[in-house]
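Reader: Could you walk me through how the packing terms are applied here? I would like to see the definitions next to the values.

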Amino acid sequence: MTKHILPSTEEILFAMSEQPLGEGAEAKVYKIHTNPKYTTRVSLECPPLNELAKIINENPLIEQKNIFGERNFAQTLAYWKDPRDQSLALLTINLYCPGISIEVYKAGRPKPDAEEALIRTKVLSETILNLPDEAIDMLYDDLHFLSSRKHSLDVGGELFNNTGNILYSAVDNRMFIIDLQPFRKEYPGINPNNKKGFNTPLYLTRGLMPGAFCYRKEHAQDPDLIKYRTEIVNRVIAGAERNHLNDVGGYLPGDMNKMLYYWDLQIKALNIPEKYHDNFLKRIGSVKDQPRYSVSKELLTYVRVVGNDL
């Protein structure tokens, strides 16, 4: 297993003086260009840089146990506790994950108008459709693996949310899952006894559907997008068939009939032509689970800047 030589506090502070690599509703992420295998994820509640420098120089860095082996989920490698609230992490050092977000609009940034967003949505949708089947299979393998480690895609908990946490890498010609959620607590978190969390085809579909949540009204009637979305749903279902993963035992409780009800809602919300409905529902309802990895017996801890419970 790779031994990580973590960046120094000086490198972290230097990175934070530059433009962020990304910004969301909870944190900013900076690439550490002097040590480019890493990023730092910094809470939006962080004090000014001069105060932060004092905090991280006077408080110990805590290394995070590697529970994901050689896989790259942009996972936390180390963190500092927030001295104002010891139950929270102030900032983390993370593994750098290549790629761009396929989310059309990210909270905390100016929202593009519908016409501009439509262009971006179509380009990203075409990009996903051009991925080889192997790239879809890698995503499914990651879903199987994450469930075995009691971790999940982080989607915010709403049925029709995009995950916003899937990156496309043109260099690797594949997608990477980032920003994970542990099976740590009851609603609105994930019950520790859960089997899959959000690691199911239902949520993967939303994660591979650019603009489907934030521009669902503006773009629902565009004929090109309807065609793209129909094929993306088809590819997700085909991936579920190849990789033997269904939605039963995921975040939403219930048997296959209930899961098919949610799939029906999703297909209609995406404005998929009616002639495909029965085929899609029959196929996804016929998928039988074949778990790929043994479930970890220990309660694994994964610390994030926001939403963690040290």
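Reader: Glad to have it open. Which residues does Leu208 touch, not counting residues up to four places away in sequence?

Author: Leu208 touches Ile102, Ile128, Ile136, Leu139, Ile166, Met175, Ile232 and Val236, not counting residues up to four places away in sequence; contact means heavy atoms within 4.5 Å. A word on the source: this is a predicted model, where local features need pLDDT of at least 70, side-chain atom pairs count only at pLDDT 80 or more, and totals for chains, interfaces and linings use all residues. Residues are numbered from 1 along each chain as its sequence is written, and side-chain values use heavy atoms, without hydrogens and water.

Reader: What makes the largest nonpolar core a core, and how many residues has it?

Author: The term stands for buried Ala, Val, Leu, Ile, Met, Phe, Trp, Tyr and Cys residues joined through side-chain atoms within 4.5 Å, with buried meaning under 20% relative accessible area (1.4 Å probe, protein chains only). The largest such set has 53 residues, and Leu208 and Trp263 are among those with the most contacts inside it. Its largest share, 7 residues, comes from α4. Apart from it lies another core, of 20 residues, including Met16 and Trp80.

Reader: Why are α6 and α8 called roughly parallel?

Author: Their axes, lines fitted to C-alpha atoms over the stretch in contact, are 9 Å apart at an angle of about 20°. Angles under 35 degrees count as roughly parallel, so α6 and α8 are roughly parallel to each other.

Reader: Which residues of α8 does α6 meet?

Author: Phe280, Arg283 and Ile284 in α8 meet residues of α6 that include Val233 and Ile237.

How values were computed: Buried means under 20% relative accessible area, exposed over 50%, partly exposed in between (1.4 Å probe, protein chains only). Helices (H or I, at least four residues) and strands (E, at least two) are DSSP runs, numbered from the N terminus. Axes are lines fitted to C-alpha atoms, for helices over the stretch in contact, and angles run from 0 to 180 degrees between N-to-C directions. Angles under 35 degrees count as roughly parallel, over 145 as roughly antiparallel, 65 to 115 as roughly perpendicular and the rest as oblique.
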